[in-house]
Amino acid sequence: MLLDGTDTIAARATPPGEGAIAILRLSGQMAHTIVGQCFRPRYQSDVKYNYMTLGEIFDPADGSFIDEVFCVLFQKPHSYTGEDVVEIHCHGSPVIISRSLELFCRLGARLAEPGEFTLRAFLNSRLDLTRAEAVCDLIRSRTDKGARLALRQLQGSLLEKINGVKQKIIAISAELEARLDFPGEDVGEENRTDIIRTFENALQEIIALIEKGSRSRIFLDGARIVIAGPPNVGKSSLFNALLRIDRAIVTPHPGTTRDTIEATIDLKGCPATYVDSAGLREDAGEVEILGIERAKTEISCADLVLFLLDTSKPLAPDVTHIFDYLKNICFILVLNKIDLPECLSQDDIRDFSEMASKCVKVSALTNKGIDNLEEAIADFLLHDTSGDENALVVNERHLALLEGARNALTAARDAFQRHISDEMVMIDVREAHRLIARITGEEVDEEVLDLIFSKFCIGK
Ligand SMILES: Nc1nc2c(ncn2[C@@H]2O[C@H](COP(=O)(O)OP(=O)(O)OP(=O)(O)O)[C@@H](O)[C@H]2O)c(=O)[nH]1
Ligand SMILES: [Mg+2]
């Protein structure tokens with residue numbers, strides 16, 4: 001990706017396909033000149049920065065009319081990217097969009113890479129990296145809660161927190177530097193206690209971010225919850241009950257579900273994807289075996305498995321094989337068909353219930369216990385985070401840097417407490433500072449920027 005930002009980029013800012021209106025955007029040194037050559041305002045006196053001007057786009061090569069549009073000019077640095085920007089609101093026809101973009105490119109622009117507008121906003125200091133990442137999260141968010149968390153980050157909630165930590169690290173550095181500058185002076189115990197207190201405060205804030213922030217990420221990333229178990233125990237019925245729609249086929253015949261079926265719902269603010277799978281058994285036919293393979297793959301990458309058994313029937317002899325699939329997997333044991341006379345005893349299911357994080361009884365037919373099961377799923381996935389309106393979210397990149405900063409700062413504090421030389425302590429303090437600065441993008445390399453912005457959609 002080009003980082004010098006000298007060329008002018010163009011892209012549509014609205015989603016592909018037909019629509020009432022589409023918005024095209026240009027950013028860069030030539031944005032105003034390019035549009036000046038192909039936009040004719042209806043009334044010349046209307047043209048003002050930040051105001052919509054009615055007019056038409058035409059091809060200067062032959063004067064042909066392309067579309068009637070509204071045009072908005074933004075002057076640097078007062079624009080999203082910090083550069084000269086033009087937005088063209090045209091009719092949402094794919095033909096008009098491609099003709100206009102082709103025209104802009106002929107007049108000197110080039111098509112933008114994914115996320116390039118936001119990348120330029122970052123490079124021009126309109127946004128720090130945490131806020132640029134929040135733009136992507138906000139666009140991708142699938143629940144109201146996820147959108148609100150991303151919006152808070154866009155407004156600078158994480159930036160503020162990170163800056164707070166950074167100030168504490170800077171304060172520690174300043175104290176240590178002063179001690180290095182005046183080595184002979186006795187700075188006393190009080191000063192040492194203050195420095196240790198600042199170390200502790202900074203560490204506490206970093207640890208809270210690591211623990212709470214990564215847990216809250218589930219509201220943006222979502223969770224996969226796989227419904228698994230032997231055939232005919234009611235997996236598809238439970239899938240339908242949890243989704244509250246008649247989505248998967250249910251029949252009295254074992255082996256009905258072959259492929260995996262999935263659907264996503266909003267579970268207390270978390271985009272929860274439920275996956276229905278083929279019943280696990282040993283003597284399956286050819287197609288069913290393929291389905292069982294898929295079920296096993298889903299189980300191995302699930303955030304949570306709902307392992308279902310039918311309480312109205314004895315356990316099938318091959319159920320012990322299923323046990324192997326559940327090793328190292330987090331699952332809730334769900335005992336279904338409680339509307340029928342109970343046949344399974346505690347002893348029958350002991351092995352499963354000992355491994356399960358919880359056991360819940362339901363009837364997927366009558367919906368009895370479904371609310372309890374949903375509570376148990378939400379408790380497992382969301383812990384106590386769903387009610388926290390001020391939650392901060394950290395992504396994997398932030399997490400790795402925060403963990404590095406925690407380790408460096410812990411090493412520095414321990415060395416300081418053990419009266420190891422201030423020079424040595426400073427090495428770890430500087431490292432912690434460097435890692436924290438990378439979160440907001442004060443220090444960053446091109447590879448990281450590429451990785452972050454390539455996840456964006458074109459035009460953002
Ligand atoms: N009485 C009763 N019957 C149920 C309950 N849940 C499911 N069933 C019935 O059990 C049979 C199998 O249900 P499914 O939901 O298709 O079971 P499955 O586990 O998806 O089956 P496969 O896809 O074949 O592995 C159907 O006849 C359902 O109506 C329940 O809670 N109570
Ligand atoms: Mg099924």
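Predicted model: local features only at pLDDT ≥ 70, side-chain atom pairs only at ≥ 80, totals over all residues.

**Stop one: the ligand.** Which residues come nearest? Out of 22 residues around ligand 1, those are Gly234, Ser236, Ser237, Thr257 and Gly279. Now highlight helix 9, residues 235–243: with three residues, helix 9 gives the most to this shell.

**Stop two: Phe307.** Next, jump to strand 11 (residues 304–310) and pick out Phe307, which lies in it. Is Phe307 buried or exposed? Phe307 has 26 other C-beta atoms within 10 Å, and 20 or more is enough to count as buried, so buried it is. Leaving aside residues up to four places away in sequence, Phe307 touches Ala228, Gly229, Leu326, Phe331, Leu333, Val334 and Phe352.

**Stop three: a pair of helices.** Finally, select helix 14 (residues 396–417) together with helix 15 (residues 422–440). Their axes are 8 Å apart and the packing angle is about 160°, which means the two run roughly antiparallel. The crossing is left-handed. To see the contact, show side chains including Leu401, Ala408 and Phe416 on helix 14, and Val425, Leu435 and Ile439 among those on helix 15. Colour the contact residues by type and you'll find 15 nonpolar, two polar and three charged.

Key. Residues numbered from 1 in each chain as written. Chains lettered and ligands numbered in written order. Axes fitted to C-alpha atoms, helices over the stretch in contact; angles between N-to-C directions. Helix = DSSP H or I, 4+ residues; strand = E, 2+ residues; numbered from the N terminus. Parallel < 35°, antiparallel > 145°, perpendicular 65-115°, else oblique. Left-handed = near helix turned anticlockwise from the far one by under 90°. Contact = placed C-beta atoms within 7 Å. Nonpolar A, V, L, I, M, F, W, Y, C, P; charged D, E, K, R; others polar. Near = placed C-beta within 6 Å. Buried ≥ 20, exposed ≤ 12 C-beta atoms within 10 Å, placed from the backbone.
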